[in-house]
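Dear colleague,

I am passing on the structure below, and after it I set out what was found, with the cut-offs given where each term comes up.

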Amino acid sequence: SSHFGSRIDPYPLDASLCRVRSALAMGLLGDIKRCCIWIFCYAMFLDFQWPWRMPWNWRPRDLLKDVACACDAGRAAESDFNSGLKVILPSVGQTGTTSMVAALAELGLRTYHIEEQLAFIRPALLEHTNVTLWARHVSRCRVEAIALEPLVDLLPLALQASPDAKVILTWRDFGSWKRSSKAGGMKDMRWHYTMSVLLASSARMLPWLSIWDAATGQITHVLSEGTPFHGLGQASLLEMFCFYSFFRFIYGDPKTKVSFRGTNKITAGEDRYVEEAYLAAMDEIRRLVPPERLLIFDVRNQSWNDLTRFLDFPDQPAGRSFPHPRSKESFTNDAVWDHSSMEQRMALVAIFLALHAVNFAVLRWAWALARRLYRRHFKSESARR
């Protein structure tokens, strides 16, 4: 070797392994990059929430219409004339509705916030719903207390369908409500695009929900029972998966027209008009509800006894604090996420990321297969010529 003036690499195998590892790493990084680009493009332009995807999307949410609360107990409780409600919360959001819902649940009432309504009583949320339809779906789910927000325009209909219900108006001064609404709105938007659009879209590209339900029946069971899941420690991992995958997207269903109703009508326009609309909404509640059935409640200043005496419930132990499940420091304004455990959150994110990887692998395989078939067809056509 010295005669030809060349050096022999004493570790040729190690150098080859390094090159192989480097090539694999570069290939893996390239796949990860392409997968991230695919996730963004799919979530932003092809996910079934967007109108142009609506006609040909997978529709697991059709289960909500046919199966929700359809267990034996639900069918037995169903009524077209009386919802069976004991308490109605008609106030707009950020006035203490979440605290009041938590308090009513602690008192043992089967309580629905918007999360459960999106999942179990979707037909009652449509713009042109009626008393019969609303009473039927609410009674079938055996709901005892309900927060109407954001569709607070349903109050007249809810009162007509619930002749024995008491009404609790959660009150907050306009300045405080405005500040809280702006902060909450930013949290909602940020969290919606992070979780429901970017992450949870992986469950909607292919019919994973339909496949899982066909194999296990678990999603149908969750829907048929209609059990509240937004409260502290209530949601299972499956319920969280369903909520972010398709329950939550009923909020944007064009048939509900949520963006043009209730709370969303109040939060448009200049400040002086917003304040007028906010106070008018509160005044409308006072005018619609008989005084003996109405409690005006400020969750910042009032206590358990004010609530229990109005509802004819036993007084609570002295010193028991009123629930305040939301915090200014929380990253989200989402009760389901905030009330879940860290283990559930990590598992849910891992599932959504894994489905994104599987979807990307399926897409690559389908694309490679299509190219191979096209080339084979092109070669056969060329040979014939």
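How far is the sulfur of Cys71 from the closest cysteine sulfur, and in which residue does that sulfur lie? The closest one belongs to Cys69, and at 6.9 Å it is too far for a bond, given that a disulfide is taken as a pair of cysteine sulfur atoms within 2.5 Å.

Please bear in mind that this is a predicted model, in which local features need pLDDT of at least 70 and side-chain atom pairs count only at pLDDT 80 or more, while totals for chains, interfaces and linings use all residues. Residues are numbered from 1 along each chain as its sequence is written, and side-chain values use heavy atoms, with hydrogens and water left out.

By the distance rule there is one disulfide, and it joins Cys69 to Cys141 with an S to S distance of 2.0 Å. The link between Cys69 and Cys141 is right-handed, with 100° about the S-S bond. Because Cys69 sits in the loop between helix 2 (62–66) and helix 3 (72–77), and Cys141 in the loop between helix 6 (131–140) and strand 3 (145–147), the pair ties together parts that are 72 residues apart in sequence; helices (H or I, at least four residues) and strands (E, at least two) are DSSP runs, numbered from the N terminus.

Cys69 and Cys141 are both buried, where buried means under 20% relative accessible area, exposed over 50%, and partly exposed in between (1.4 Å probe, protein chains only). Cys71 is buried at 11%, and Cys242 is buried at 0%.

With kind regards
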